[in-house]
Amino acid sequence: MSLIFDIKRYSINDGPGIRLTIFFKGCPLNCIWCHNPEGISTKREKLYNRQKCINCKSCVAKCPNSALAMEYDDISTDANFCINCGECTEACPTGALGISGEELSAEQIMKEIKKETIVFDQSEGGVTFCGGEPLIHRNMLMELLDRCGELRIHRAVDTCLFASEEVVREVAGNCELILADLKHMDPQKHKEFTGQTNELILSNIRMLAGEGYNFTVRIPLIEGVNADEENIKATAEFLASLPGAEERKVELLPYHNVGIGKHSRLGTKYNPLNIPMNKPSPEKISRCISIFKELEIEATAK
Ligand code: SF4
Ligand code: SF4
């Protein structure tokens with residue numbers, strides 16, 4: 001069993017064709033801009049949407065652990081008492097409360113994947129495993145990759161690569177495409193923005209390139225974090241120095257702030273460092289693409 005927080009159909013941004021994207025819960029990084037913050041914790045979490053709440057207090061009455069209270073027209077949860085049992089979400093008449101994370105077996109996930117095989121065939125798509133971080137669910141991921149491989153379903157794995165070389169190699173050898181996230185070239189800035197330094201990630205990218213695995217580098221492009229000329233040049237030079245650079249593809253993912261609302265529903269803090277983060281201008285995105293192009297690396301913006 002693995003904790004899954006979403007299964008998205010008809011995705012067109014996570015690999016070729018139309019895809020089914022499986023989101024594993026839990027991530028070793030904690031990026032300040034994360035747009036899927038419900039994927040960070042390895043545990044089930046309660047979500048509260050203030051806008052949908054009608055202050056009926058049904059949830060407070062239902063909670064078996066007295067973990068909920070109504071304070072200033074807001075439901076607050078005492079994390080020391082909440083066991084994420086979900087009883088309050090069932091009592092809520094408006095859907096203001098929800099639980100993120102469901103334990104699913106490989107059989108249950110495969111059932112969802114198999115429903116989409118016609119879409120995969122017609123669009124030359126497939127399944128993408130992401131998160132959170134799928135590699136921390138190694139056994140489940142490997143079983144799903146094997147079973148999809150037997151059915152000749154295209155398999156992509158979207159990963160931050162903060163994992164042992166052994167696990168990365170095993171996964172890369174059992175899928176058609178690795179989507180490798182690269183956030184910053186400076187180890188200290190990487191640690192500041194994500195909670196971890198980047199040496200392991202860069203080392204895994206070197207290994208993927210050296211051993212000829214098929215991978216695309218994905219960069220969340222954020223003004224105020226990593227969209228500066230110095231970092232983009234360092235990224236391009238790093239990728240250009242690796243074997244197979246002429247085949248390398250880079251996808252730039254311009255910043256958006258959908259994580260703000262999700263953090264609010266989780267009761268966690270978005271951008272705790274208060275770093276001014278912005279979407280790069282079209283001119284900046286073009287400039288970044290041309291920096292890669294100067295080193296003969298194909299970059300596109302999503
Ligand atoms: S998830 Fe369970 S323990 Fe937590 S607040 Fe809701 S009812 Fe109470
Ligand atoms: S049951 Fe739902 S609508 Fe009622 S107070 Fe609780 S969260 Fe708000």
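Analyst: A residue counts as near a molecule when one of its heavy atoms lies within 4 Å of that molecule. The model discussed here is predicted.

User: Which residues come nearest to ligand 2, and how many lie around it in total?

Analyst: There are 15 residues around ligand 2, and those that come nearest are Cys53, Cys56, Lys57, Cys59 and Cys92.

User: How is the shell around ligand 2 divided by class?

Analyst: Eleven residues of that shell are nonpolar, three are polar and one is charged.

User: What does Phe129 contact, leaving aside neighbours within four places in sequence?

Analyst: With those neighbours set aside, the partners of Phe129 include Ile22, Phe24, Ile113, Pro134, Leu141 and Leu144. Leu145, Cys148, Ala156, Val157 and Asp158 are also in contact with Phe129.

User: Is Phe129 buried or exposed, and why?

Analyst: The term buried applies under 20% relative accessible area. Phe129 has a relative accessible area of 0%, and is therefore buried.

User: How many salt bridges does a search of the whole structure find?

Analyst: The search finds 22 salt bridges. One of them joins Glu116 and Arg9, whose closest N and O atoms are 2.6 Å apart. The pair links distant parts of the chain, with Glu116 in the loop between α3 (106–114) and α4 (117–123) and Arg9 in strand β1, 107 residues apart.

User: Is Glu116 buried or exposed?

Analyst: Glu116 has 7% relative accessibility and so counts as buried, whereas Arg9, at 30%, is partly exposed.

User: What joins Asp74 and Arg50?

Analyst: Asp74 and Arg50 form a salt bridge in which the closest N and O atoms are 2.9 Å apart. Asp74 is in strand β5 (residues 74–77) and Arg50 in the loop between β3 (45–48) and α1 (58–62), so the bridge ties together parts that are 24 residues apart in sequence. Asp74 is partly exposed at 32% relative accessible area, and Arg50 is partly exposed at 30%.

User: How do the side chains of Arg287 and Glu229 meet?

Analyst: Arg287 and Glu229 meet in a salt bridge with an N to O distance of 2.6 Å. Arg287 lies in helix α11 (residues 282–294) and Glu229 in helix α9 (residues 229–240), distant parts of the chain 58 residues apart. The relative accessible area is 28% for Arg287, which is partly exposed, and 33% for Glu229, which is also partly exposed. Salt bridges that share partners join Asp14, Asp158, Arg218, Glu251 and Lys302 into one network.

User: Where is His190 found?

Analyst: His190 is found in helix α7 (residues 187–194). His190 counts as buried because its relative accessibility is 1%. Residues up to four places away in sequence not being counted, His190 touches Lys183, His184, Gly195, Gln196, Thr197, Asn198 and Ile201.

User: Finally, how is the backbone read, and which residues does a cis peptide bond join?

Analyst: Most peptide bonds are trans, and most residues other than glycine have a negative phi. Here a cis peptide bond joins Gly131 and Gly132, with omega about 15°. Gly132 is in the loop between β8 and α5 (138–150). Asn84 has a positive phi, near 55°, and lies in the loop between β5 and α2 (87–91). The phi of Arg152 is also positive, near 55°. Arg152 is in the loop between α5 and β9 (154–159) and is exposed, with a relative accessible area of 80%.

Notes: Residues numbered from 1 in each chain as written. Chains lettered and ligands numbered in written order. Predicted model: local features only at pLDDT ≥ 70, side-chain atom pairs only at ≥ 80, totals over all residues. Heavy atoms only, no water. Contact = heavy atoms within 4.5 Å. Nonpolar A, V, L, I, M, F, W, Y, C, P; charged D, E, K, R; others polar. Buried < 20%, exposed > 50% of the residue type's maximum accessible area, 1.4 Å probe, protein only. Salt bridge = Lys/Arg side-chain N within 4 Å of Asp/Glu carboxyl O. Helix = DSSP H or I, 4+ residues; strand = E, 2+ residues; numbered from the N terminus.
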